[in-house]
Amino acid sequence: MTNVTFSLPERTVKRLRRQAAESGGRKGAISEIVDSALTAYLDSAEEARRGETFAAKRGEEVVAEAGTLKDLADALKRKGIDWRSVRIVSSEPLEPVVHFGLRLKPA
Amino acid sequence: MSSFSGLTPILRLALRNDILGLTHPLVGTTVGIVDTGFDGFVAVPEPVFDELGMDRLSGATSPGKTADGKPLELRACLGTVYLPAIARALDGQVLTGAGVDEILVGTKLLRRLRATLDYCTGAFRVEPCR
């Protein structure tokens with residue numbers, strides 16, 4: 001464990017101490033809350049930085065991978081891979097439910 | 001360029017299938033209707049989907065529903081929306097299905113942009129997130 005010194009707004013410190021007390025007030029409770037909150041934030045920030053990636057797969061084998069579809073297309077060309085022999089997939093799964101807005105048009 | 005069509009914000013865009021090297025339209029841009037009630041990336045009419053060769057790439061299907069709860073069966077394929085006003089190409093799932101008769105831009109595409117709607121001045125601007 002490493003000791004870190006930083007400043008927080010008083011309101012945040014009050015909320016932090018209240019939460020630690022409600023969690024049982026045991027030694028180390030504040031550190032646990034701060035660690036948990038920071039880890040969640042950093043995971044999210046790193047995920048956002050990574051961004052979506054795209055891969056060409058033959059079965060389960062990844063034959064090419066890139067950060068954009070254009071770069072993936074270029075990679076397939078460079079490697080002489082026929083697009084018909086691969087599946088193009090994204091690191092982000094296709095979400096199952098899509099809401100379409102309701103647009104009314106005159107008859 | 002972004003603007004309004006009546007009261008509806010629109011984006012001038014081009015659609016690309018970089019894997020097959022196909023674009024829609026062949027030259028210039030077309031209109032995408034900004035639909036904040038649509039939580040996908042972009043939806044296109046079936047002829048556009050097929051023109052882009054997306055029916056030939058390995059795609060997927062996705063169940064969806066309209067705001068009034070009507071179920072939809074959508075075909076999906078990865079593709080690219082190019083926004084010349086900000087010189088940005090955005091990749092995502094291009095959807096199509098029966099009843100999709102316009103190019104719709106959804107919130108999954110918008111989340112990569114700062115979109116400013118100003119009905120007072122009739123301005124709709126988009127810029128990349130910083």
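A: Start with charged pairs across the interface. This is a predicted model. Between chain A and chain B, the rule finds two salt bridges.

Q: Which residue of chain B forms a salt bridge with Glu92(A)?
A: The general idea comes first. Side chains of opposite charge can pair when their charged atoms come close. Here, Glu92(A) pairs with Arg111(B), and the closest N and O atoms are 3.2 Å apart.

Q: Which elements of chain A give two or more residues to the side that touches chain B?
A: They are helix H3 (69-79), strand S3 (87-90) and strand S4 (99-100) of chain A. H3(A) gives the most, with five residues. By class, this side of chain A holds 16 nonpolar, five polar and seven charged residues.

Q: With which residue does Glu52(A) meet in a salt bridge?
A: Its partner is Arg112(B), at 3.5 Å from N to O. Glu52(A) sits in the loop between helix H2 (29-50) and strand S1 (54-58) of chain A, and Arg112(B) in the loop between helix H2 (107-110) and strand S10 (113-118) of chain B, so the pair joins two chains. Over all chains, the count comes to 11 salt bridges.

Q: How many residues does each chain bring to the contact, and what area do the chains bury?
A: The size of an interface is often given as the accessible area lost when the parts come together. Chain A and chain B bury about 2700 Å² between them, with 60% of it on carbon and sulfur atoms. The contact takes 28 residues from chain A and 40 residues from chain B. Three residue pairs are in polar contact between the two chains, counting pairs with both residues at pLDDT 80 or more.

Q: Now chain A alone. What does the domain assignment give?
A: It gives domain 1 (10-50) and domain 2 (54-90). The C-alpha centres of these two domains of chain A lie 41 Å apart.

Q: How do I read the length of helix H1 of chain A?
A: Compare its span with the expected value. H1(A) covers residues 10-22, 13 residues in total, and reaches 18 Å from its first C-alpha to its last. That is close to the 18 Å expected at 1.5 Å a residue. Just after H1(A), Gly24(A) has a positive phi of about 120 degrees.

Methods
Residues are numbered from 1 along each chain as its sequence is written. Chains are lettered from A and ligands numbered from 1 in the order in which they are written. This is a predicted model: local features need pLDDT of at least 70, side-chain atom pairs count only at pLDDT 80 or more; totals for chains, interfaces and linings use all residues. Side-chain values use heavy atoms; hydrogens and water are left out. Contact means heavy atoms within 4.5 Å. Buried area is the accessible area (1.4 Å probe) that two parts lose on being put together, summed over both. A salt bridge is a side-chain nitrogen of Lys or Arg within 4 Å of a carboxyl oxygen of Asp or Glu. A polar contact is a pair of N or O atoms within 3.5 Å; within protein, one must be able to donate a hydrogen and the other to accept it, and residues adjacent in sequence count only if both atoms are side-chain atoms. Helices (H or I, at least four residues) and strands (E, at least two) are DSSP runs, numbered from the N terminus. Ala, Val, Leu, Ile, Met, Phe, Trp, Tyr, Cys and Pro count as nonpolar, Asp, Glu, Lys and Arg as charged, and the others, Gly among them, as polar. Domain bounds come from an automatic or database domain assignment. The expected span of a helix is 1.5 Å times one less than its number of residues.
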